[in-house]
Amino acid sequence: MFKKDSESPIDLSALNSPAEPKLVAPALSVDQIAYMNSAISEALKDLTSQLHAAQQANAFTPASLAEAFRLAELERRKPTEDEISKKKRQAREKAQMHAEAETNRANLQLVRDNCSHKYSNGSQAVAIIRNYHDRNPRGICLKCHEFFEPAHWMCGQRPRTPAVLTQ
Ligand SMILES: [Zn+2]
């Protein structure tokens, strides 16, 4: 419910009385104006000199700017934690891959060294390959994939590389 104006807790009776006239500042004398001008100019000079000194202290030289830019660039290019862990993981996986390849190569060599190139029934496991363009036959063991080549001359692939006799 709305209250009537007479019951309002805010006293509005001051609005009925006329406002008091404002005091007008007396005019400044010539001496006062001169004093104020000199004080303002002194303060401005002091402030200007302080600003100049601060600017000299913080002045950028080309060398300091270059150093600041270099440091900022180093900071920007610094690898993050994710990048560091990613590089570590890649290096670990690469080392694992190399170790695995070396193990596979050693195992294959072991199998070839111990292969009799014969099946268990005594027949040869070496198949003859005759479709080489030099018409020389090759052999391949079907158990260990050992490749047998006849003695032949290999021409050098690059200029001035001597031909070699491959046994
Ligand atoms: Zn074999």
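**Exercise 1.** In this predicted model, determine which residue of β3 is the bridge partner of Ile 140, and then work out how β2 is joined to the strands beside it.

*Solution.* Begin with Ile 140, whose bridge partner in β3 is Phe 147. Next, take Gly 139, which stands opposite Phe 148 in β3. These residues belong to a pairing in which strand β2, residues 138-141, is joined to β3 by two bridges, the two strands running antiparallel. Then turn to β1, where Ala 127 stands opposite Ile 140 of β2, within an antiparallel pairing of β1 and β2 that extends over four bridges.

**Exercise 2.** Find which residue takes a positive phi in the hairpin of β2 and β3.

*Solution.* Between the two strands of this hairpin there are five residues, and it is His 145 that takes a positive phi, near 65 degrees.

**Exercise 3.** Describe what pattern the protein chain follows along the sequence, and state what share of its residues is buried.

*Solution.* The chain has three helices and five strands, which read along the sequence as α-α-α-β-β-β-β-β. Of its 167 residues, 0% are buried. As for contacts between residues at least 6 apart in sequence, 18% join residues at least 24 apart.

Notes:
Residues numbered from 1 in each chain as written. Predicted model: local features only at pLDDT ≥ 70, side-chain atom pairs only at ≥ 80, totals over all residues. Pairing = 2+ DSSP bridges. Buried ≥ 20, exposed ≤ 12 C-beta atoms within 10 Å, placed from the backbone. Contact = placed C-beta atoms within 7 Å.
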